[in-house]
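Visitor: I would like to learn how to read some features of a model. Please show me the structure, then take the features one at a time.

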2 protein chains.
Amino acid sequence: MGEVLEITRPKTRAKKRLAVKLEDLPLGQILPGDCIEAMRSLPDASVDAVFADPPYNLQLGGDLNRPDGSHVDAVTDHWDQFDSFAIYDQFTRDWLTEARRVLKPDGSLWVIGSYHNIFRVGAILQDLGFWILNDIVWRKSNPMPNFRGTRFTNAHETLIWASQGEKAKYHFNYRAMKTLNDELQMRSDWVIPICAGQERLKQDDGHKAHPTQKPEALLYRVLLATTEAGDVVLDPFFGTGTTGAVAKRLGRHWIGCEREKAYRDVAMKRIDKELPLDESALKTMQSRKSAPRVAFGALVEAGFLKPGTELFDKKRRWCATVRADGSISCGKQSGSIHGVGKDLQEAPSCNGWTFWHLEHEGKIEPLDTLRQLYLLAVED
Amino acid sequence: MGEVLEITRPKTRAKKRLAVKLEDLPLGQILPGDCIEAMRSLPDASVDAVFADPPYNLQLGGDLNRPDGSHVDAVTDHWDQFDSFAIYDQFTRDWLTEARRVLKPDGSLWVIGSYHNIFRVGAILQDLGFWILNDIVWRKSNPMPNFRGTRFTNAHETLIWASQGEKAKYHFNYRAMKTLNDELQMRSDWVIPICAGQERLKQDDGHKAHPTQKPEALLYRVLLATTEAGDVVLDPFFGTGTTGAVAKRLGRHWIGCEREKAYRDVAMKRIDKELPLDESALKTMQSRKSAPRVAFGALVEAGFLKPGTELFDKKRRWCATVRADGSISCGKQSGSIHGVGKDLQEAPSCNGWTFWHLEHEGKIEPLDTLRQLYLLAVED
DNA sequence: GGTATATCTGAATCACTTA
DNA sequence: ATAAGTGATTCAGATATAC
């Protein structure tokens, strides 16, 4: 089924009690029929993330032609037709309710939409108890112009990222995102081209296989940001399987739901061809949080720092001495590198690793540099 | 009151029947008290646009410090506190209902918000019958980082632009927007810096006068895009009066509502200092729709084009001859520049102005160039 | 006086572990 | 459950200060 069954979740995230076994899930399968029914077949709290690209309820009017006379192939498929907002809302509430049941307590929900539907989806998911963490703007580098000159070029779509609730835990690979964005924090607006060219799946007659195929780059960022290798990702509106293809590539398990057989066939063929990246390529920058926490004392213990070494702040306003137990002292103050730094500055908090420096061959270096060296040394 | 009473709406937009007289409106005034009550004092269908920056219902938790220990001055004002989504929704429904009543049938509604509230606002305004024309993303060039490294940097806010209904007319200054965007269609994502520096209004103690003052560039684009000089703009959450200041500068009338006296005082002082642009600066690029339509025949009549001149398409597949009455002929086909172009290409439509070209000093130029010259010549 | 450098701040639903 | 203690974390732009 094109799945990477060897991959398991890191032990740090394993829930021993009531944990759903991976073998009991239809991993690497596209469940046929209505997605709400299909999701009912899955156990509670069994997937780590849901990515959903539901019908947008576009409600388009007449035909549209380009200035050169060619015809615009719009989304007029039957699955995008709803008779009223009330019916669309009920449909939305139903699939979101099932998604919420199936999602683990620390799982992430992602939904993508346009102004036609995203406000309704967002309000309903809030009503159900989901807690919005960010709204993300997918800025299309190559959107279709507004041929009639009647509005602004519709150049973006909106994604909502939500956790199970206000107090719920969730996973965010901060370091991986920052690395991906050239060492600046990843922002809430992402520039990504629309899905076209080789990536766009075609039918035998050369016509596009699906009217709203999403770019793989979009799913790549979503899955890298909020899931780990070995996680299970569910897509209730699988379409031609972009979520499955990227999940497989990134070593995530996947489950899809899709009503239309034609889409299921295209998706399965596509995903079978996909090759998973090997394990070393999958390793992402570790966030400080999930990295082993280093106690300052461990550096002293390991001989990276001798007791008696003098520490300074950057401007040499204060000087402290390292003691054998990993505490430091500065005049009458003593305690952890964080606590002493905080008290001296009379600040509400202080990161001792970046506040304190030591002199090494005439240069002043923050303690953090030493911590990095220590981490490298103990990694293996 | 700092208003430009000389300015009136162009006659093309005047509604003779049931029209509200400008003298009967509190132009250039900030109505005190609750905005819903204040709007009740205005007649039906009396304003051309509503711009609303309602409370975002942020629901913030504890304190936040920057990595350097400094404190982040968050929005904790009483006017942003709501006990539940239900109460916020009711408040939203109430002010939107009044705004809808006061807005003319061909008026524009603008609302700005963040992910905390915008989905609720969007769904409710759709429920009330407003028709969303675009959602606009204000991309902040200098957003506040996510200091905890727990989410994506919240780098944008969302605006919704809506008309009174699916079939309602509305006004969009397409040409002005395209000109503003360097001859490319204006997109739905706008890059604008946050309001800081000189533009940010300060109290006597140097502290910011309002926690959420919007940049004037944002209002400038909104008003230029969807209102005309002489129009009336209503802002139910006036704050420190960015809407009023920009409206006055652009020769639009304005009405504000604001509960807090401190904000009203700051706003009035600010707007009094604002100078309106003079009339010639206010002239924007005319849209094709509101520009006098040029009949091809008028160019012939005026001697811009001699009967007998040969026209070509860009690739010189076809050649047509201009006739004295402004029709053209090409083989057996004859008729208007649009109709002949359409039939030759077997296309559903054809813009003859851009399809047909003529040779001038060895260069091939579209007819449209000639039309522009003609328009310039007849302007005075 | 001009150029570096330092400081300040902005609509933010902003932690986790152990006692 | 709640409270307390420890630990982790920032980008662009405007203004102020130093050289």
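Predicted model: local features only at pLDDT ≥ 70, side-chain atom pairs only at ≥ 80, totals over all residues.

Visitor: How many residues of helix H6 of chain B are buried?

Guide: Buried means under 20% relative accessible area, exposed over 50%, and partly exposed in between (1.4 Å probe, protein chains only). Helix H6 of chain B (residues 242-249) is mostly covered, with eight of its eight residues buried. Among them are Lys248(B) and Arg249(B).

Visitor: What conventions apply to numbering and to the values?

Guide: Residues are numbered from 1 along each chain as its sequence is written, and chains are lettered from A and ligands numbered from 1 in the order in which they are written. Local features need pLDDT of at least 70 and side-chain atom pairs count only at pLDDT 80 or more, while totals for chains, interfaces and linings use all residues; side-chain values use heavy atoms, with hydrogens and water left out.

Visitor: Is Ser114(B) buried or exposed?

Guide: Ser114(B) counts as buried because its relative accessibility is 7%. Ser114(B) sits in the loop between strand S3 (103-113) and helix H3 (118-127) of chain B. A polar contact is a pair of N or O atoms within 3.5 Å; within protein, one must be able to donate a hydrogen and the other to accept it, and residues adjacent in sequence count only if both atoms are side-chain atoms. One such contact, of 2.5 Å, joins the side chains of Ser114(B) and His116(B). Contact in general means heavy atoms within 4.5 Å. Leaving aside neighbours within four places in sequence, Ser114(B) is in contact with Tyr56(B) and Leu58(B).

Visitor: Why does Thr179(A) count as partly exposed?

Guide: Thr179(A) counts as partly exposed because its relative accessibility is 33%. This residue, Thr179(A), lies in helix H4 of chain A. In chain A as a whole, 52% of the 380 residues count as buried.

Visitor: Which residues touch the most other members of the largest nonpolar core?

Guide: In soluble globular proteins, nonpolar side chains tend to be buried together. A nonpolar core is a set of buried Ala, Val, Leu, Ile, Met, Phe, Trp, Tyr and Cys residues joined through side-chain atoms within 4.5 Å. The largest one here has 72 residues, of which Trp95(A), Leu125(A), Trp95(B) and Leu125(B) touch the most other members. Leaving aside neighbours within four places in sequence, the contacts of Leu125(B) include Leu96(B), Phe130(B) and Ile160(B).

Visitor: How many residues of chain A are in contact with chain B?

Guide: 53 residues of chain A are in contact with 54 residues of chain B. Buried area is the accessible area (1.4 Å probe) that two parts lose on being put together, summed over both. For chain A and chain B it is about 4,800 Å², 50% of it on carbon and sulfur atoms. On the side of chain A, Phe119(A), Arg151(A) and Phe152(A) lose the most area to chain B, together 19% of what that side buries.

Visitor: How many salt bridges are there between chain A and chain B?

Guide: A salt bridge is a side-chain nitrogen of Lys or Arg within 4 Å of a carboxyl oxygen of Asp or Glu. The count between chain A and chain B is four. One salt bridge links the side chains of Arg139(A) and Asp189(B) (2.5 Å, N to O).

Note on methods:
Helix = DSSP H or I, 4+ residues; strand = E, 2+ residues; numbered from the N terminus.
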